[in-house]
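Here's a quick briefing to read alongside the structure. Have the sequence handy as you go.

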Amino acid sequence: MKQVEIISGGTELLNEVEPLWAKLNEHHKKRSTHFSHKFEQLTFEKRKQNLLKEACDVTINLIVDQTNNAYVGYCICTVNKEKQGEIDSLFIEKEYRKYGLGAELINRSITWLENHQAQTIVIGVSEGNEHALDFYQKFGFYKRRYILERE
């Protein structure tokens with residue numbers, strides 16, 4: 001396994017997430033059949049502002065490869081005023097997948113959300129990224145409803 005460390009913090013870590021977030025946004029843009037234009041229009045600055053405006057509490061877990069001191073994955077979680085928790089964004093570089101790092105990030109996220117009294121915990125999965133559903137189901141997340149949007 002690779003030599004990695006997970007560091008945790010709050011919004012002070014948001015700027016460190018930007019290059020990884022851009023890769024996730026590109027992934028969604030390529031996979032989306034109907035909404036790639038929305039990912040093209042979304043900038044990290046817009047996403048960051050929405051995140052800061054909507055959330056009361058934010059935690060960020062960053063995976064650092066200690067051999068080259070590079071960020072290789074992250075997870076952002078939020079809890080809003082209504083105590084709805086969300087695993088807002090999760091990404092791990094391809095060569096670091098299959099080491100259990102995603103599971104570690106999800107488990108840390110669930111613990112943090114429960115400790116912050118989240119009444120519900122949700123994860124949004126973008127159209128085109130349905131292959132992630134099986135991963136999330138391992139942690140007790142199931143499809144509750146479909147929200148359709150017009151192009």
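Which residue in strand 3 is the bridge partner of V64? That would be Y71. Keep in mind that this is a predicted model. The notes below start with the strands, then turn to a couple of lysines.

**Strand 2 and its neighbours**
- Strand 2 covers residues 57-65, and eight of its nine residues are buried, so the rest of the structure largely encloses it.
- On one pairing, strand 2 runs antiparallel to strand 1 (residues 4-9), with six bridges between them.
- Within that pairing, I63 of strand 2 sits opposite I6.
- Strand 2 also pairs with strand 3 (residues 70-79), again in the antiparallel sense, this time over nine bridges.

**The positive patch**
- On the surface, R31, K94, R97, K98 and K138 come together as a patch of positive charge.
- One of them, K94, lies in the loop that joins strand 4 (84-92) to helix 4 (101-115).
- K94 has a relative accessible area of 66%, and because the cut-off for exposed is over 50%, K94 counts as exposed.

**K46 on helix 3**
- K46 belongs to helix 3, which takes in residues 44-54.
- With a relative accessibility of 46%, K46 is classed as partly exposed.
- K46 and T11 are 35 residues apart along the chain, and 15 Å separates their C-alpha atoms.

How values were computed
Residues are numbered from 1 along each chain as its sequence is written. This is a predicted model: local features need pLDDT of at least 70, side-chain atom pairs count only at pLDDT 80 or more; totals for chains, interfaces and linings use all residues. Side-chain values use heavy atoms; hydrogens and water are left out. Patches are made of residues with over 30% relative accessible area and no salt bridge: like charges are joined within 9 Å, nonpolar side chains (Val, Leu, Ile, Met, Phe, Trp, Tyr) within 5 Å. Accessible areas come from the Shrake-Rupley method with a 1.4 Å probe; for residues, only the protein chains shown count as cover. A salt bridge is a side-chain nitrogen of Lys or Arg within 4 Å of a carboxyl oxygen of Asp or Glu. Lys and Arg count as positive and Asp and Glu as negative; His and the chain ends are not counted. The place of a charge is taken as NZ of Lys, CZ of Arg, CG of Asp or CD of Glu. Helices (H or I, at least four residues) and strands (E, at least two) are DSSP runs, numbered from the N terminus. Buried means under 20% relative accessible area, exposed over 50%, partly exposed in between (1.4 Å probe, protein chains only). Two strands pair if DSSP finds at least two bridges between them.
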